[in-house]
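Please open the structure in your viewer and keep the selection tool at hand.

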Amino acid sequence: MPTVTRRTVITAGAALAGVALDPVIARQREAAKAPPGTSTVRLNVNGKKQQLQLDTRTTVLDALREHLHLTGSKKGCDQGQCGACTVHIDGERVLACLTLAVAAQDLRIDTIEGLAAADGTLHPMQQAFIDEDGFQCGYCTPGQIMSAIGCVHEGHANSDAEIREYMSGNLCRCAAYPKIVDAVKLARGRMEKG
Amino acid sequence: MRPFAYERAADVASAMRLGAASGQGQSDARVQFLAGGTTLIDLMKLDVLRPERVIDLAPSRGEHQNIEWTADGLTLGAFAKMAAVENHATVRLECPAIAQSLQQAASAQLRNMATLGGNVLQKTRCPYYRDVSWTACNKRDPGSGCSALTAPNRNHAVLGVDDTCISQYPGDFAVALMALEAAVQISGPLGARQIAFADLHKSPEGHPEIETTLRSGEVITAFKIPAAAWNRRSLYLKVRDRASYEFALASAAVALDMDGDRVRQARIGLGGVAYRPWRALPAEAQLAGKPLTARNAEEAARIALQDAKTHGGNDFKPELARRTLVRALLQAGALQHA
């Protein structure tokens, strides 16, 4: 029984209705069946090590979303200009859309899906975004949270101005910025207390 | 993105061997080096760069990430990440223009990914270069023409251009390197060499597809900024549409050796306005020995931009660049701790 997600429901529904799937998705499914130009790539995502057969051109973002079905990281621009795809690689906040999966082999990749504890307790940054209402549509939010954690760890969350500057790589079309700054400040205090 | 073969170079020596077939061309370069990927992966997705082989330099990184300060000056390994150098206390103290040029570039995420070597080799943001549907682009396709000459060209260069290309070099770090007279160390299949950073980038000279003097298979390994009396009194001022995460409309790296109110020596680099990283030598000569007044700064700025050539959309740039340079000079003169 496949996992019930928006994607599986819509896809199954479209198949039942006889509607042709988007040709891009169809090609991706075909490509996923190990054609030439692929290799085995060892990825360590949220502590789980796995091997994927990937086209060499696959970015970490596409590996996460299309192959591992970890759709928390978003594809806002796919050009490194919006920050919605921010993940941590080897503990550093980076852009998944500009990182080849094959280049991230064997490195520790942490995504939004890996933040909460096993018992469901949210990471202080996630909780702070809820407590301060740091999002509206939520599309940029996973990237904001991952970036904000990096910002605090880097020691760049010491003032409103510094937070704005060091979070400038994450765009928010809803302009939730003031509340995002509040969330980062709140989380920083909680993270420092351990 | 077109298919490519991916290889990892265990060290710089292997990288050079693997890259020896790279050639000097732009989109027709069959082999490209991959460092942080922030330029290469971006342009491969846009089909501007189409390598058949990509050589990942990541395993070589350990050799050349050093940040060292000695009596001779500052050495920066080319594989050091921008973020590491930006945050380094010694760099911030001894060469603030370097630290500031890195801190004001890109975004925090990009600075975590990007290496110094890759950063200086970044490509123009010219929209006609980046969008292959504009077929006239002499940089991408030699001889095809220059779309920017007759299309919107607000952020195109006014210095160092010719009628084959008016694209603007968008980097910041390179501007500071120009001002501080940096040298660059290069390793290649034919051995190691060191050149003035000023000799790395080329003017269009009718062939904008050839951007640097790097030879096939060569890898930048380090930057060296010589110790000098002006290094500490330096800064990087970047003027742009947004307060952050935006390329320069005009920028200036300035370094001053002062004797009271008088400038002994000035060093000036300009960004956001030139085809390549730009050193404003005549402006430096104008300031040498003079009091640092607004009037003298304005005269130096006038000289710095006197050969500016505009193409309609960027008519505002020379004045903006002059004012940016004046402000940078006066701010540098007013620095207290230097």
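Helices (H or I, at least four residues) and strands (E, at least two) are DSSP runs, numbered from the N terminus. This is a predicted model, in which local features need pLDDT of at least 70, side-chain atom pairs count only at pLDDT 80 or more, and totals for chains, interfaces and linings use all residues. Residues are numbered from 1 along each chain as its sequence is written, chains are lettered from A and ligands numbered from 1 in the order in which they are written, and side-chain values use heavy atoms, with hydrogens and water left out.

Select A:His69 to begin. A:His69 is found in the loop of chain A between helix H3 (60–67) and strand S3 (86–89). Its phi is near 55 degrees, a positive value in a residue that is not glycine. Is A:His69 buried or exposed? Buried means under 20% relative accessible area, exposed over 50%, and partly exposed in between (1.4 Å probe, protein chains only). A:His69 counts as exposed because its relative accessibility is 55%.

Next, select B:Asp47. This residue belongs to the loop of chain B between helix H2 (40–45) and strand S3 (53–56). B:Asp47 is not a glycine, yet has a positive phi of about 65 degrees. With a relative accessible area of 19%, B:Asp47 is buried.

Finally, select B:Ala300, in helix H11 (residues 294–304) of chain B. B:Ala300 is buried, its relative accessible area being 0%. Which residues does B:Ala300 contact, leaving aside neighbours within four places in sequence? They are B:Ala283, B:Gln286 and B:Leu287, where contact means heavy atoms within 4.5 Å. Display B:Glu284 as well: its C-alpha atom and that of B:Ala300 are separated by 7.2 Å, although the two residues are 16 residues apart along the chain.
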